Amino acid sequence: MGGGAGGAAPGRALHAQPAPGRGHGRPPHPHPERPRSGTAAVTPSAPRDVSAAPRGDWRALSAQARAPAAEPGPRSRAAAAAAAPERGRAGPGPAAMRIWTSEHVFDHPWETVMTAAMRKYPNPMNPSVVGVDVLDRHVDPSGKLHSHRLLSTEWGIPSIVKSLIGTCRTRTYVQEHSVVDPVKKTMELKSCNISFTNLVSVDERLVYKPHPHEPHKTILTQEAIISVKGVSLSSYLEGLMANTISSNAKKGREALEWVIKRLNAEIEEFAASARGTMRNSMAAAAFVEK
């Protein structure tokens, strides 16, 4: 008679054959779909649709996480490169940003503060500014005065910061644009660094305008946006630069007060000289009459 599977006769129970070297009567492996080494390989199961798996199915989520990502095509890579922000050479991390703001009231008229701001450098409070070059200055048809200047500065960069940004240079250049509106009595000044732009950028904006309730006073509104790109310890660098800007802003206000005192001294000296000249002229005229 023809035998069934394994040659067993029909109607008889199939007895497990003991493996060589093992004792008789040992039960078969509890997981026949996962045989021990040396047995036949298991047929892989059909792939599962993990997108339709419930949220609690961690096996499907794990399988999806281990699945290799598809290689992007040339168009995808080009689009990603075009959409990516500018990065520094030290790392691919995105740019960090910090905003600093300040407001100060000068006890001087707007015309005096504006004149002092135009003659701010050089001064003993800001020795880091070592040079100022006027690149362009003109008056537009509406009567506004436009100025474009280049400032040369020396940054007091600590050694740890030099090692982080990978440079030994301390001379930096800042471009400055200002617009003076004599009708509305406003002066807006914008500046930004043009050195180390691949590592850090500082965009600063200052606005001088008369106090809305006390016209003999002037309000200075100042803000700076600090962006650190592609370097480690970016938060540390942001905090360090914010503290530096705050310190320089205080020195800048002190410098304006210093310039205003010099302007007042010059005006007083000119007035005294004019009075002396007038007295001499009057004395000469009286002598001629006699």
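This is a predicted model: local features need pLDDT of at least 70, side-chain atom pairs count only at pLDDT 80 or more; totals for chains, interfaces and linings use all residues.
Residues are numbered from 1 along each chain as its sequence is written, and side-chain values use heavy atoms, with hydrogens and water left out.

Of the 290 residues, 27% are buried (under 20% relative accessible area; exposed is over 50%, partly exposed in between, 1.4 Å probe, protein chains only). Take contacts (heavy atoms within 4.5 Å) between residues at least 6 apart in sequence: 57% of these link residues at least 24 apart.

The chain has five helices and seven strands, taken as DSSP runs numbered from the N terminus (helices H or I, at least four residues; strands E, at least two). Their order is α-α-β-α-β-β-α-β-β-β-β-α.

Now look at helix H3, residues 110–118, where Trp110, Val113, Met114, Ala116 and Ala117 are buried. They sit on the same side of H3, because they span an arc of only 160 degrees around the axis, going by the directions from the helix axis to the C-beta atoms. An α-helix has 3.6 residues a turn, so residues three or four places apart point the same way.

Strand E1 (residues 96–106) holds Ile99, which is exposed at 57% relative accessible area.
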